[in-house]
Amino acid sequence: MLDHVSITVSNIRASEPFYDAVMAALGVTKMSSGDTWISYGERCDADHPDLTYLLIRPGPMPEAAYGRHWCFKARLREQVDAFWHAGLSAGGSDDGAPGLRPEYHPHYYGAFLSDPDGNRIEAVCHRRVA
């Protein structure tokens, strides 16, 4: 559904280690960074229309909005666990430990974090486990 997403953080240098850690745990490549951006994933083009791209830019501290979050797909449940642990180790805060969330569907395995600015992010694996 999404082609690309841009989010803001109040201190891009303070947030970079956090996003480097959680994106690496999910197997997402860091594309580039500078004083005013950090990018992960890959931009779509005519030959690769299914790619996804995340851009992080500096901006004001976000207003609290519990219902707003970004969810990243994980291929394996172990990646969800790694995402959560990496985020906690890199300055994030726990907003929901890894586990099944059967209220969504029986195999929904997710974890929630808040980044250093309070942006809520999630990783989810939808696969069945044999």
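## Sorting the residues

Ala, Val, Leu, Ile, Met, Phe, Trp, Tyr, Cys and Pro count here as nonpolar, Asp, Glu, Lys and Arg as charged, and the others, Gly among them, as polar. With that scheme, the lining of the largest pocket divides into 15 nonpolar, 5 polar and 4 charged residues.

## The model

This is a predicted model, where local features need pLDDT of at least 70, side-chain atom pairs count only at pLDDT 80 or more, and totals for chains, interfaces and linings use all residues. Residues are numbered from 1 along each chain as its sequence is written, and side-chain values use heavy atoms, with hydrogens and water left out.

The mean pLDDT (the predictor's confidence in each residue, from 0 to 100) is 93 for the protein, and 99% of its residues reach 70 or more. Confidence is lowest in strand β1 (residues 4-9), at a mean of 92, and highest in helix α2 (residues 77-89), at 98. Helices (H or I, at least four residues) and strands (E, at least two) are DSSP runs, numbered from the N terminus.

Of the 24 residues lining the largest pocket, Val-28, Thr-52, Cys-71, Phe-72 and Lys-73 are the closest to its centre. Lining residues have an atom within 4 Å of a point of the pocket, which is an open set of points on a 1 Å grid over the protein atoms alone, where a 1.4 Å probe fits, with protein on both sides within 12 Å along at least five of seven lines.

Strands β3 (37-41), β4 (53-58) and β5 (69-73) each supply at least two lining residues; the largest share, 5 residues, comes from β5.
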